[in-house]
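Student: Before we discuss this model, could you take me through it by setting each label against the rule behind it?

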Amino acid sequence: MSGLNKGVGKVEVTLKWDPSPVGAPPHDLDLVAGVYTADDPYGSAAYLVHFDSRSPDGTITLNRESRTGQGFGYDEALTLELDRLAPRYARVVVGVAIQQGGGRLTFGAVANTGVRIREGYTELASHDFADAADCTAATIAEFTRDGSNAWSYRPLRRGFDADPQTFTTVMGAPPA
Ligand SMILES: [Ca+2]
């Protein structure tokens, strides 16, 4: 599915992947959310949410974090309560970054990657990163707030060749 969905409130993003082969370094993928202000929606993130960084007001929460991809079903889960975000925030970008501890690791080298975006029981999108096979990080979704205060969802599929730290500084950049 793609396209524009208006009026989204509480959204869950879930990420899955399969563990690395036995003997290989673990594959660790991370969900990342960048929150941007109305004054500077494409600039630096006002704050980030990921395994090592929480939202100051608790509106965006990483409910589950995996360092290996082991286990059934989804390995990481991020909940965004967009309708609770303070008015000064007008844009949220969600992406996935791959930890590069064992050398350069791309989506194409990680087995069975998948991400799903849902609002309640409604699936807004699902994605397998096939179009980012040569990338080490990618954005997947953008949520923006318009003048009427309603949040809209758009797919935002852009691949990056960046480590997780660098990715957080470029993920909010405007489209080229
Ligand atoms: Ca992780």
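Predicted model: local features only at pLDDT ≥ 70, side-chain atom pairs only at ≥ 80, totals over all residues.

Student: Why is Asn 112 called exposed?

Tutor: The label rests on a count of other C-beta atoms, placed from the backbone, within 10 Å of a residue's own: 20 or more make it buried, 12 or fewer exposed, and anything in between partly exposed. Asn 112 has 10 such neighbours and therefore counts as exposed. Its phi is near 55 degrees, which is a positive value in a residue other than glycine.

Student: What makes Phe 129 buried or exposed?

Tutor: Phe 129 has 23 C-beta neighbours inside 10 Å and therefore counts as buried. Its place is in the loop between β9 and β10, and its phi, near 65 degrees, is again a positive value in a residue other than glycine.

Student: Which label does Ala 173 receive, and why?

Tutor: Ala 173 lies in the segment after α1 (164-170) and has 13 C-beta neighbours inside 10 Å, so it counts as partly exposed. In sequence Ala 173 is 80 residues from Val 93, while the C-alpha to C-alpha distance between them is 9.8 Å.

Student: Why is Ala 138 called buried, and which residues does it touch?

Tutor: Ala 138, in strand β10 (residues 137-145), has 24 C-beta neighbours inside 10 Å, and it is therefore buried. Contact asks for C-beta atoms, placed from the backbone, within 7 Å of each other. Leaving out residues up to four places away in sequence, Ala 138 touches Gly 95, Val 96, Phe 107, Phe 129, Ala 132, Arg 157, Arg 158, Gly 159 and Phe 160.

Student: What makes a set of residues a nonpolar core, and which members touch the most others in the largest one?

Tutor: A nonpolar core is a set of buried Ala, Val, Leu, Ile, Met, Phe, Trp, Tyr and Cys residues joined through C-beta atoms within 7 Å. The largest such core has 41 residues, of which Ala 33, Val 94 and Val 96 touch the most other members. Among the elements giving two or more residues to this core are β2, β3 (29-37) and β11 (151-160), and the largest share, eight residues, comes from β7. Beyond four places in sequence, Val 94 is in contact with Val 13, Leu 31, Ala 33, Leu 78, Ile 140 and Ala 141.

Student: How do you know that β2 and β8 pair?

Tutor: Two strands pair if DSSP finds at least two bridges between them. Strand β2 (residues 10-16) and strand β8 (residues 114-119) have five, in the antiparallel sense, with Glu 12 bridged to Arg 118 and Leu 15 opposite Val 115. By that rule β2 also pairs with strand β6 (residues 76-81), through six antiparallel bridges, and Val 13 has Leu 78 as its bridge partner there.

Student: Why are β5 and β9 said to stand at the edges of their sheet?

Tutor: Five strands form an open, antiparallel sheet in the order β5-β6-β2-β8-β9. Because β5 (60-64) and β9 (122-127) each have a single partner strand, one side of each is left without a neighbour in the sheet.

Student: How do you know whether the radius of gyration agrees with that of a compact globule?

Tutor: The radius is taken over C-alpha atoms, and the globule rule is 2.2 Å times the number of residues to the power 0.38. For 176 residues a compact globule would have a value near 16 Å, and the chain, at 15 Å, agrees with this. Its secondary structure comes to one helix and 11 strands, and buried residues make up 35% of the 176. Of the contacts between residues at least 6 apart in sequence, 66% join residues at least 24 apart.

Definitions and conventions. Residues numbered from 1 in each chain as written. Helix = DSSP H or I, 4+ residues; strand = E, 2+ residues; numbered from the N terminus. Contact = placed C-beta atoms within 7 Å.
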